[in-house]
Amino acid sequence: MIVDVAAFIGAYPYTHLPESSPEYLLAQMDRMGIGEAWVGHLPSFLYRDPAPGTAHLLESLEPAGDRLRPVPTIHPGLPGWRRDMEKAKDAAAPAIRIYPMHQELSPDGEAVKESAIAAGALGLAVVLTVRFEDVRQRHPLDAAPDLPPSAVRALARADQRVRILVTHAGRAFVEEVHFGLTAQEARRVLWDVSWLWGPPENELRKLVTTIGAERFAFGTGMPLRIPDAVPAKLDLAGLSRGDRAAIESENVNRWLQW
Amino acid sequence: MSHAELIDAHAHFYTEESGRTDWQAVNDARLEAGTLMGVTAHVASILGTWGNSSPTYFPSPDDITHGNEAMLGLARAHPGLIFGYCVVNPNYPDHALKELERRFEAGMVGIKLAASRRANDALVDPIAAFAAEHGLPILHHVWQHRRREWPGQEASDAIELVELAQRHPDTKFLLAHIAGGGDWAHSLRAVCNIPNVWIDLSGSGVDSGMLEAVLEAVGPRRMVWACDVTMDTGLAKLRYLESLELDSTDLDRIRSGNAKDLFPAGVFEP
């Protein structure tokens with residue numbers, strides 16, 4: 001069963017999305033053969049307080065709770081963020097999302113580190129988003145810089161229980177972080193494949209060779225992006241059946257049972 | 001039109017002068033992926049030496065000559081599978097026209113304009129006139145909504161391409177990589193009523209709603225499937241188009257029929 005680790009519901013503040021409901025996600029998942037999705041509340045990355053977005057997320061996903069797993073947004077700069085994290089745990093979330101660059105937090109500062117450590121202690125992974133859109137495409141007011149690789153390295157070193165899923169990272173970012181960590185630290189970082197290009201450059205195939213298929217996960221970015229991109233990438237990557245199965249679901253499932 | 005035909009109208013290859021040791025492997029990878037995807041024709045260009053001895057988007061005359069020669073060599077080595085665009089730099093008008101004359105005679109099927117000079121500049125006019133006279137399309141690199149100057153190129157946006165297209169109504173223009181990273185909606189507003197501008201669907205972008213917006217703006221008769229440098233996203237967009245349950249004639253037009261109309265008659269026939 002394919003697990004999509006990077007899906008959302010809700011509007012995107014900088015442009016209209018034709019569809020962004022749970023029903024849309026389920027329809028696309030059926031079309032693509034995706035069994036389960038980790039779902040965030042998209043507009044919460046800009047909310048001063050993401051808690052109402054989380055409430056909406058939990059309520060919206062509840063009817064399809066067997067397939068859509070909530071990934072609430074936490075703002076580590078707000079008082080009481082630990083309570084929000086505990087609510088995420090109570091809601092059976094596999095992970096929480098933190099957006100340091102949009103929450104105006106130092107991405108490797110104490111608040112973010114503390115929240116990653118707290119998430120790890122609760123058994124929750126931390127989802128970090130390098131970017132939502134290519135810099136050439138962004139709205140003029142979308143001025144937040146990309147997440148820097150140094151932030152991922154710092155969080156991976158913060159505590160042995162911290163597990164990080166990084167979405168929308170390009171090849172150079174992945175390599176810089178992976179080879180900038182010890183093997184033990186690198187095992188606690190997973191990468192979605194959405195920003196790793198296929199042929200003719202074959203970035204995904206190269207990375208599977210150099211750092212291993214066990215480091216990657218299947219993430220579509222729906223409803224910002226059409227989900228067809230990830231299966232197309234995997235189809236063209238020339239992966240073994242085992243490597244493909246690892247990326248599609250086994251890595252993330254095994255990683256969560258750490 | 002056969003449903004099996006699939007023409008990639010925006011492809012690139014490399015040479016030993018491209019400044020990368022893996023140039024042959026990358027060329028081979030394109031052909032290998034094309035076979036997997038069912039690509040029946042790669043219409044491609046080589047942008048000089050890709051920055052090795054002159055900038056990719058401001059190639060020197062010598063580098064242009066080298067790239068075009070190599071492109072013709074690839075086309076000759078793969079007859080019926082690889083076709084060439086003639087690259088020119090409008091800042092060298094005499095060289096540009098000489099290259100066009102001899103490369104057209106040698107079998108190149110289109111003209112590639114990258115980002116050496118703004119599309120609406122008068123120096124581009126003789127090139128557009130040549131294209132109309134010889135029935136060649138111009139694939140024009142476009143930055144979808146260029147809000148400022150970006151280093152390394154003098155990129156045009158759709159508004160500037162439209163100015164050129166309106167000055168040359170008998171020339172067929174292909175707006176490059178609508179999914180190439182900029183604001184595609186801005187470009188669609190600019191070109192929707194310009195009948196001699198087609199949309200090349202290539203680029204790394206796979207935004208939800210983009211293909212539907214292109215369909216609505218220009219219709220299936222002005223959409224041309226292509227990959228550019230990310231063939232995986234080309235395949236994704238093709239599959240998504242198939243999922244939209246378009247009329248099969250429209251889908252065939254996007255896959256290959258519109259490209260056949262754009263390029264000189266018969267070039268893709270066996």
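This is a predicted model: local features need pLDDT of at least 70, side-chain atom pairs count only at pLDDT 80 or more; totals for chains, interfaces and linings use all residues.
**Ground rules.** I number residues from 1 along each chain as its sequence is written, and letter chains from A in the order in which they are written. Local features need pLDDT of at least 70, side-chain atom pairs count only at pLDDT 80 or more, and totals for chains, interfaces and linings use all residues.

**Helix pair.** I looked up α4 (residues 110–121) and α5 (residues 149–158) of chain A. Helices here are DSSP runs of H or I with at least four residues; strands are E runs of at least two. The axes of α4(A) and α5(A) come within 9 Å and cross at roughly 45 degrees. I therefore call α4(A) and α5(A) oblique to each other. (Under 35 degrees is roughly parallel, over 145 roughly antiparallel, 65 to 115 roughly perpendicular, the rest oblique.) From α4(A), V112(A), K113(A), A116(A) and I117(A) make the contact; from α5(A), A154(A), L155(A) and A158(A) do. Contact means C-beta atoms, placed from the backbone, within 7 Å.

**Core.** Which residues have the most contacts inside the largest nonpolar core? I noted I96(A), V126(A), I164(A), L175(B) and V224(B), in a core of 167 residues. Such a core joins buried Ala, Val, Leu, Ile, Met, Phe, Trp, Tyr and Cys residues through C-beta atoms within 7 Å. Buried means 20 or more other C-beta atoms within 10 Å of a residue's own. Strand β1 (residues 2–9) of chain A gives the most to this core, with seven residues. I also checked V126(A): it touches A116(A) and L155(A), among others.

**Chain contact.** I found 22 residues of chain A in contact with 25 of chain B. Helix α9 (residues 229–236) of chain A gives the most to chain A's side, with four residues.

Technical notes:
Axes are lines fitted to C-alpha atoms, for helices over the stretch in contact, and angles run from 0 to 180 degrees between N-to-C directions. Two residues are in contact if their C-beta atoms, placed from the backbone, lie within 7 Å. A residue is buried if 20 or more other C-beta atoms lie within 10 Å of its own, exposed if 12 or fewer, and partly exposed in between; C-beta atoms are placed from the backbone. Lists of a residue's contacts leave out its neighbours within four places in sequence.
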